[in-house]
Amino acid sequence: MNRFVPSRRGLLRGMLGGSAVFLGLPWLEARATCDTGFPKRFGMFTWGNGNLPDRWTPQGSGVDYTLSEQLMPLAAWQSRMTVCTGLEIKVPNTSPHWSGAVALLTGQELDGDDDSWTVRAPTIDEVIADAIGGDTLYRSVLVGVADAETFSYQGPNAPNFGETSPFALYERLFGSTFREPGKKGVVDPSLGRRRSVLDAVMGDLDRLSSRVSAADRVRLEAHSDAVRDLEQRLARLEEDPPDLAACERPSTPDEDYPDIDGRQQLSAKCRAFADLVAMSLACDQTRVFNISHHRPLSNVLFPGATDGHHNLTHNEGGEQPEVHDATLAVMEELAYLYEALDRIPEGDGSVLDHCMVLACSEISEGRTHRLDEVPFILAGGACGSIGMGRHVRSDGRENVNKAMFSVLTALDLPITSWGAEDTEVTGGWDQLEGA
Amino acid sequence: MMQPRLRPVLLAVLALGCGNDDPVGGTDTDPVVVVPDEPTAVPVQPLLRRLTSAQYAASVVTLLGPAADASVRLEPDVDELGFASVGAGVNAVSALGVERYEDAAAQIADRVVAEGALVDLLACEPTGPADRACADEAIDALGRRAYRRPLEADETAALGDLWQVLAEDHGTETAWRDLITTLLQSPWFLYRVELGDGAGQLTDHEWLTRTSFLLFAAPPDDAMLDRADAGELSDPKDRAAFVDELLDDPRLDAGVRAFVTEWWHLEELQALDKDPLIFGHAHPELGPAALEETLTVVSDIVLGDADFRDVLTTNRSYIDPRLAALYEVPAPALDGFGWTELPRSRPGVLGHASFLALHAHATRTSATDRGLFVRSTLLCQPIPAPPADIDTTIPEPNEDAPTLRDRLAVHLESPSCAGCHALTDPIGFAFEQFDGVGRWRTTEGGATIDPSGELDGTAFADAAELAGVLREEPILLPCWSTSLWHYATGRIEAPLATTDWMAEAWAAEGHALRPLLRELVLSDAFSAVEAP
Amino acid sequence: MNRLLPALLVLGACKNEPGTVDPSGPGGDTGAAVREVASVISSIRFVAAEDGVTEGFDLDGHVSDGGSDDVCGKEDLVDPDGVEGIDNAFSGLVPVLQATEASALEDLLAQSIANGELLLLVELGNVDVDTTLPVEAWDDDCVDLTLWRGDGVPLLAADGTVLDDQTFATSDPVTVECVPMVGGRAEAQGFSVVLPAQVLDVELTLHLSDAALRIEHLPDGTAVGLLGGGIPRTDFEAILSEPDIQDLKELLTPLVEGLLDLEDDDGACESMSITLGFDALPAFVAR
């Protein structure tokens, strides 16, 4: 379990002016383990186009608070989550949706303009995966429910895409290469050959890398890193899997989730993904996951909606009941995710107890692309690293980066700052950290 | 520097509009075509251009033959400047992307073996693992096709060593299968390497690859690689003669289709999302049929060497029964597609279901979106996003504002909106006589639709007149030249001198696309590359 | 198909020159008159009677009062405009059919249309009116009315009904030449047509004689109409001998017998009059 191969990735990232500045050798210090001996996990659940802040913000604060309308689907989880409100993404809103998304998840404003932009630094899930993802088969598992675009970036011009087929994810995680711990499974005989092939590919990447421009070299590095990760994964798959009581092959999802009446089966797919991701954590295949329900600007059709989601946020009149319903639908999927994680026992508790699950969206009010009142919910708490069961509200429109800093330190990353220049913070959010 | 090219001349006049006059003097000659001098080339930067999904599929077929099933799932293409081919030179592959390359390679290689197609791919069939000379020969042939250049000796040796070990442990068939997966995952296959010869030019093989992908949307085949290997593409005259052969090749059709598909984002037609409760003509086959229509019409214009701007104004189209029903015209063929004249009201590709349905929402039209396409893609006038913090809601249809034009008036009246909406919406309103799937209508909400407007000062009565106005826009050819440049070179930078020259050359050639392609691939600019 | 009556012009009546397609159409060049206007029947309904009033036609050319003058002795009905002598004896069967399993008859007819078994097109030819004008102005003394059988399986709209404006291959035309059209409404009488149909899992053929058809084009581009004619006893016998409906045979046979109201050429009471109502959508006949 402790075979750790340091990745060059973290070093390279740090030199690119990334958000997180590490002390010394980050990976040796960021061990992110609970007292129970189980590892801490990080998960992200994002959706696009925000919410309706007036119907989202709960009444009261601290442990005695009343859930708001839009949070009602999460009622059963009130004691296991902490709702953060009043935070603001502190960048100029030059590019609707994208300014918010980039700054929320990288801590810095985007690079470029509306026509052509990218991130300046990796997103938080990548930063955490760098720190705690090196021990497992997968640095992270990313899935996209409505579409493949997650809001995860390895770095500038290096977007991460999510798996959009639950069946394909199942095949990868629990297919021919999976062996249940304790059972005498057969090692997939093709693993060795695959490694030989990938080794040859790595040779070609090295050879080509020496001939190209500096900018291209960075792109090839990303390619090489991914090939190397894949190679290491295959090597690990030849070893016995970690002996984890809760780990077993889950049931197979549908091969296909065809549209019904021209609408995607969002809930069915999301839940299939949640189940797979939960078991993947229980089997310690990964410690970082990222579920994108739908991307910013998505016009996904929710059940019963008369128009695409993004269109509704701008064109639906009055109180925007369909936008409200869409937010509720997303919260129901979040509730299911909590349930899927909580269903799996781990130590004296469940997988959820050992997780820090961050649910957020790139804006609050969709109609005006507001960057204040950012939707931000933490759940699980990573074995008490952040206290759950509270509503923590900033009445001073504090920088959301502070909350992100708290999340990073809760996962034992030895960071000293998050963000850059005007958005930089050097400490966490006191209110959040005081349990 | 190129000399102006003059053809035998009797009439000293440019080709514009004078095509059919009998030449003075009686004998058959071409009218003069004076192509302007190419300006001094600005060399492009060296760049690794990853294959787009479509180029990957074509490359698999070139490498492994038509039996290779290239319908694999790769990570999505990312656009830059509206082109996947440009984004492919900017973005890095993701972890999922690399996994998908491995899965795809396995799937493709397994299929080749299962189909019994392996033996056809081997230039030499080794008798056993020890038959290295033969194995290396086969590896050289496959590798050259995969990497689009001859392998270097140590590359052959490395691949040969890998093959041999695999063959010893698992048999020659598995060894070939794994060799194929190695080639399919190699960066030399996945990236189009354009590093140059060190003296400021693309190598012959790099030029050949770039030209082949532009003209045929596929990598060079063995016959073409043979010419490069033999040095037959170095001399400018040889190169020009070679290009003439390529331009006469039927594969040019695929090249045109790929360019237009990327340029106008037509691949989205494969998954058109229209509410069937609102649009009776919505159907899963409608999008693909619309794609076929538009691509065939454009290709026909190109291969017929007609004025490329006819794509905007021709009424001649290629439709199947479903499109015919949508357009309310008799189907030219009861089964499949056929040529026919559409009504005057449907001008060129802007009257096709492809444009009209793609640039509309699932439940209704979008004048802004249609106007945006014209401005941004056809006129190279990008429109910025709305300011982030304003309320962009428009009123619901009501008695006072029954049509979309009425309801969008709110944007044209507000100072923070009008700047951009005044550029897009008047164009979009011209197409309001076509609903969200492209069906003709004259009223909305009981009120008559008004399709008239102005494009930068020139009035038009309806979409057909707008198309005519667009056709004469001075920026059209420079814009389209720039788009072609971005697509062909995959570069973000488009030197103005080069694209202006392309526009002039295009005009000089009677606005036909094929001669422009010839000028482009033979130009200094197309071949000039800086050292890394 | 029988073509009994005079003045029938068959294929070739109103053909375009080969190779030309009239480019006018929606938004097309105004002023060019479209020579044909075709509609495909998209739904069919049985026409019932209420208190002696029914839509329909006087198929046999006289008003029967049920007295001894008539071979069949059945009283004719009256149409909503007060016209007497309307022949629609089948309307007597409609309530009975609706009370039995046959209540889904019209759905079955709709299925037959959607799967191509009962495709009928009504085409007006030699139309000398500018059809871009509103339908109220469609006046022409002399148009040809053709009833075509549609071939093949039709394209369907998103709701499963026949898609409008599609092109059909056609066969077996029955044409009545030179009938007047007023305000987009035309009527033809005195022809014969064979209708294939699938009813109650039974494939049957109806040989309509003394048939009449009225079509009325509406401003929205669709049309409505009536098709009437006499169904011979032999058709009913064929239907009632189908194994699948033997349980209805006992009930229906005497009813059928009792409703026959049209004389044949030999003076025997051998046919039952029927009126069918239909909706139609714009279509093209392939040439």
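User: How many residues does the contact take from chain C and from chain B?

Analyst: The general idea is that two residues are in contact if their C-beta atoms, placed from the backbone, lie within 7 Å. Here, chain C puts in 20 residues and chain B 22 residues. This is a predicted model, where local features need pLDDT of at least 70, side-chain atom pairs count only at pLDDT 80 or more, and totals for chains, interfaces and linings use all residues. Residues are numbered from 1 along each chain as its sequence is written, while chains are lettered from A and ligands numbered from 1 in the order in which they are written.

User: Which residues of chain B are in contact with chain A, by class?

Analyst: Ala, Val, Leu, Ile, Met, Phe, Trp, Tyr, Cys and Pro count as nonpolar, Asp, Glu, Lys and Arg as charged, and the others, Gly among them, as polar. In this contact, 51 residues of chain B meet 50 residues of chain A. The chain B side splits into 28 nonpolar, 13 polar and 10 charged residues.

User: Which element gives the most to that side of chain B?

Analyst: Helices (H or I, at least four residues) and strands (E, at least two) are DSSP runs, numbered from the N terminus. For the side of chain B that touches chain A, H3(B) leads with 6 residues.

User: What is the strand order in the open sheet of chain A?

Analyst: Two strands pair if DSSP finds at least two bridges between them. Read across, the 7 strands of chain A run E5-E8-E1-E11-E12-E2-E13, with mixed pairing. E5 (141-144) and E13 (390-393) of chain A are the edge strands, each pairing on one side only. E5(A) pairs with E8(A) (residues 288-292) in the parallel sense over 4 bridges, and Leu142(A) has Asn290(A) as its bridge partner in E8(A).

User: Where does helix H11 of chain A pack?

Analyst: For angles, axes are lines fitted to C-alpha atoms, for helices over the stretch in contact, and values run from 0 to 180 degrees between N-to-C directions. H11 (residues 321-342) of chain A packs on the sheet, touching E1, E8, E11 and E12 of chain A, and its direction makes about 165 degrees with that of E1(A).

User: What does pLDDT say about chain A?

Analyst: pLDDT is the predictor's confidence in each residue, from 0 to 100. Chain A averages 91, and 93% of the residues score at least 70. Over residues 1-30 of chain A, though, the pLDDT is below 50.
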